[in-house]
Amino acid sequence: MSGSLQVKRLIDGLYLASSIVGAALVALNVGAQLAGYCLFLLSSCCALYLLRDSNASRSLIIVNGVFAVINLIGIVTGK
């Protein structure tokens with residue numbers, strides 16, 4: 001397996017895990033929303049990395065970029 005493929009698989013796993021755990025932390029309202037937003041930001045960055053070399057639609061890339069900005073707002077405001 002090439003190094004590039006290993007990196008993509010690692011990032012794909014990180015994307016999946018951070019999306020699921022981030023969603024759970026925000027949705028369960030257990031006082032860990034900041035950690036949830038940080039994980040959502042990580043998942044958005046992973047998604048953008050994976051989408052840049054794909055033939056994904058431009059709108060999907062834009063939406064993930066907007067999600068990243070929204071997560072940054074959530075982190076900065078602490079809400």
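The model described here is predicted. Within it, serine 43 belongs to α2, while valine 63 belongs to α3.

**Helix α2**
- Helix α2 covers residues 33-52 and has 20 residues.
- From its first C-alpha to its last, α2 reaches 28 Å, which is close to the 28 Å expected at 1.5 Å a residue.
- The buried residues of α2 are Gln33, Gly36, Tyr37, Leu41, Ser43, Ser44, Cys46, Ala47 and Leu51.

- A polar atom of the serine 43 side chain lies 2.8 Å from the backbone oxygen of phenylalanine 40.
- When neighbours within four places in sequence are left aside, serine 43 is in contact with Tyr15, Ser18 and Ser19.

- Valine 63 counts as partly exposed because its relative accessibility is 38%, a value in the class between the limits of 20% and 50%.
- Valine 63 takes part in a nonpolar patch on the surface, together with Ile62, Val66, Phe67 and Ile70.
- The residues of this patch have about 430 Å² of accessible area together.

Key: Residues numbered from 1 in each chain as written. Predicted model: local features only at pLDDT ≥ 70, side-chain atom pairs only at ≥ 80, totals over all residues. Heavy atoms only, no water. Patch = residues over 30% accessible without salt bridge, like charges linked within 9 Å, V, L, I, M, F, W, Y side chains within 5 Å. Areas by Shrake-Rupley, 256 points an atom, 1.4 Å probe, with all protein chains shown as cover. Salt bridge = Lys/Arg side-chain N within 4 Å of Asp/Glu carboxyl O. Helix = DSSP H or I, 4+ residues; strand = E, 2+ residues; numbered from the N terminus. Buried < 20%, exposed > 50% of the residue type's maximum accessible area, 1.4 Å probe, protein only. Polar contact = N/O pair within 3.5 Å; in protein donor to acceptor, adjacent residues only side chain to side chain. Contact = heavy atoms within 4.5 Å. Expected span 1.5 Å × (residues − 1).
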